[in-house]
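Let's take a friendly walk through this structure, one stop at a time. Keep the sequence and the 3D view side by side as you read.

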Amino acid sequence: MKYYLGIIQLGGYSGTYYNFKPQYLYDPDSKTIEEISRSELELKFPQYGEINLSYEMYRESAPKKFLNALEIANKESYDCLYSVCFSEEDLEKNENEKIQIKLDLQSLVEKGKNLCDIIKPIEDIGIYKIVNSKTDIVNYDAFNNLVLVNEKYFIGQHVLLAYEGSLYGPYELHERPIYGDKYISPSISSNGYVLKKYSEKYYKKFDFSQQSHDRVSVAIITGEPELVDALPDAILLDKLQDKIDIELLKNNVYEFDRLVKTSPFLGDIPESFQKKRIGRIKEIITNALNYEDEKKKAIISLIDESDSDVQILLGEKIKESNVYKESQETIDRLKNEIERLSSDKDELEKNNKVLEEKIIELENEDNSTEARTKSEELRSIKDENEKLKNDNQELKDKVSLYDDVMNLENKKNELTAKNKDLQATYDDWVLRISKKRTEYDTLQKEVKETVSSEMNTTKMVKTAFDPYISNLLVEAAGQWSKSKEYEKYKEISEYMRNLPCENIRKTDLIDNLVEDIQQFRNYSRNDIINMYICLSQNFLTIFSGEPGTGKTSICSILAYSLGLNSFGFDSNISRNRFIPVSVERGWSSKRDLIGYFNPLTKRYDRSNAKIYDGLMILNEERENSRFPFVILLDEANLSPIEYYWADFMRIADKSDKNMFINIGLDDDIYIPETLHFLATINNDQTTEQLSPRLVDRAWIVKLPKSDVKETEKDITDYFSNIYLWSDIKEAFVDSGNGDMQLQALAEKIYKLFDDHYLTVSPRIKQSIKKYVCIAQEIMEDELGVSKKEKALDFAILQKLLPKINGMYENYRRLFESLSQICEENHLKMTKQALSRMQESADQNMGYCRYLV
């Protein structure tokens, strides 16, 4: 039998009758949907192609209860898709000119038919609506959380989730109570991390669009789902480890096999998945252990080579180098040439001296024939002497090559010195290798003794894969790495404790900071002081404002002005005390912000190494922490802050100094009073709204509209001062006078908020009092506004107004009364904010809130 698919509509002035508007014909045998033309419908079901679902209207009959339970009045047309199964004999003539055919439900019930078999939601016949995730799904991890969807279908129905060309589910559709977003909750962890997946060959996609303003995509299931293993390695090992009693395993080697079989992650799943997961566990553990084996092989290889004469080997390597050979050949050749030329020079000088003596002798002889003969000989000798001078000059030129020889000698000496350094380094490595070889021999001996003690082959195999032994090996490696890291954190902590830094007077500190900020922003003195008070007094301060108002940059300027980026690095670990973090969409826990402890490697896998290092350094400093430490959460509400910041939110309102959090390590981490968080937020459709719980614990600063000051100064070079936390605390936290001057006015405003169900908790009152007591001392009077009024104005604006979130009509009396109080007491900023909220409500159908 075929099913008619269409929309059930509620009609009549008082919504008293139901009509079925068929649009398609569904064949469950062939899994096909055929569209019915408008003309065919009007011919078959005159006059408008609809069928009246008839029932007894004036008594609580079964058909009436059944139809009312469909909640048609509360649904959009695309949520009213149903399948109706009937034969021609079931149809009757209706006494209505427009809807001339009816399906008498009361008559069918009296004949013994079940209405649930006649009228069904389309999902009951294997047709499901398709939904798409609002955010990108990176991997199967997303299926273990809430998945927000784009479609606005009615809650309670089952839908299929589209992901990478396949469909997953079906999952029940839910709605978030506050924001109204629709979502599904696959919760694959409760199903052993097994997903049902329909690839394209196992479903047919169809779009309902005829006679409807909305297009609805559905899928007809044509085959059995494919089961997908969505269990990550980290969770697999972590969950398996939770089920194992190490003490029990010590005494019973078969306990591990039993626990594996009974684990919900290995036992209550298909056999093929069980084998694959056990294989994954073995592969991961093997890879972790092989790393150490490779290091040992490298050491053994190096040790084996060191048995030769290392000194001779190193010397021979240098002598065999091309540079050394060429230099030595040149030196030998030039030495031989110098020796030869020196010998020729001595001989020539000797001959020259003899000739000069003969010249003198001949010049003294008379002008006889013999003298003339000798004169000719003299000329010949002079010519020869000139020739010898030329030869002598050539010899001198060649002798100049001696300088080149000396340069080569110097190079030779440099090579010799380098040779000595290399020899010393090599000797040091030989000594280290010798020690490692001793350690290796000891370890190898212990391993041989252990292996030899296991005579039974089965026992040897169980020992090799014994989780207790594997766990000890990995744990030892993790402890060694952890101890090295902690030594470095202690060194940095000691460095910060001994770093020289002079105290500064309260007034000088405030003047310096105000002047520094005004080099980069056109903010008033009171605006700047307000920022420093909020930063210093509160664990979390949130900066809000329109895009482009400089939220992120002012946070960086505040950090640089306090000298938080002036401490440098130590062995790749930053000593600086300002960490900007760019929050990403989809963050849901501290694993995204900080990281998590990896049970496989026994180490902490860090999402942000700087945050982890900073927390470890603060944990070492404890009560001796001397300088402020600030972490910036930039674009903080791209994900719900109370999700990934939950551990810190727990201590956000604590007043005691001894605060601890746990980030997944064995021991809790100490949080000193020097740690503070800044956050920047936007308020648009791409971000999450701040929860009342978070608003209750944070101060929200709306940046004043101000042009960025044009300056050639660079904040990385401009700021040079470093300030102690004790000085900052004295200036912006500790008040000399604990009395709040406008306490009565504040109490009047508190009561006004309480009367409108916006509870002002004792925590908020104490926070406002603490703020006002210090602000009324250090702020300055403005035109027509005293500094005590300015202080209370800032407090109401930043701590109470963010609580307003709803329809203006519900808060009309609050707005009117609070505006009058502001007018009478010069609370100008609060009054202006109320006016802007009223204008916003007019533009948003009466909805108003402070954070827009």
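A residue is called buried when its relative accessible area is under 20%. Keep in mind that the model you see is predicted.

Start with helix 15, which runs over residues 506-517. Its 12 residues reach 17 Å from the first C-alpha to the last, close to the 16 Å expected at 1.5 Å a residue. Which residues of helix 15 are buried? They are Leu509, Ile510, Leu513, Val514, Asp516 and Ile517. These residues cover an arc of only 165° around the axis, so they sit on the same side of helix 15. There they pack against helix 16 (525-537), helix 17 (551-561), helix 23 (715-718), helix 24 (725-732) and helix 26 (762-778).

Next, look at the aromatic rings. The model has 25 aromatic pairs. In one of them, the ring centres of Tyr532 and Phe732 are 5.5 Å apart and the planes are at 15°, so this pair is stacked. Because Tyr532 lies in helix 16 and Phe732 in helix 24, the pair ties together parts that are 200 residues apart in sequence. Tyr532 is buried, with a relative accessible area of 2%, and Phe732 is buried too, at 1%. Elsewhere, ring pairs link Phe539, Trp645, Phe648 and Phe677 into a cluster.

Our last stop is Glu50, in the loop between helix 1 (38-44) and strand 4 (51-54). Glu50 is buried yet has no salt bridge. The nearest side chain of opposite charge, Lys21, is 4.3 Å away, while a salt bridge needs the charged atoms within 4 Å. Beyond its neighbours within four places in sequence, Glu50 is in contact with residues including Gln9, Phe45 and Ile101.

How values were computed: Residues are numbered from 1 along each chain as its sequence is written. This is a predicted model: local features need pLDDT of at least 70, side-chain atom pairs count only at pLDDT 80 or more; totals for chains, interfaces and linings use all residues. Side-chain values use heavy atoms; hydrogens and water are left out. Helices (H or I, at least four residues) and strands (E, at least two) are DSSP runs, numbered from the N terminus. Buried means under 20% relative accessible area, exposed over 50%, partly exposed in between (1.4 Å probe, protein chains only). Lys and Arg count as positive and Asp and Glu as negative; His and the chain ends are not counted. Contact means heavy atoms within 4.5 Å. The expected span of a helix is 1.5 Å times one less than its number of residues. The arc is that of the directions from the helix axis to the C-beta atoms. Rings of Phe, Tyr and Trp (its six-membered ring) pair if their centres lie within 6.5 Å; planes under 30 degrees apart count as stacked, over 60 as edge-to-face and the rest as tilted.
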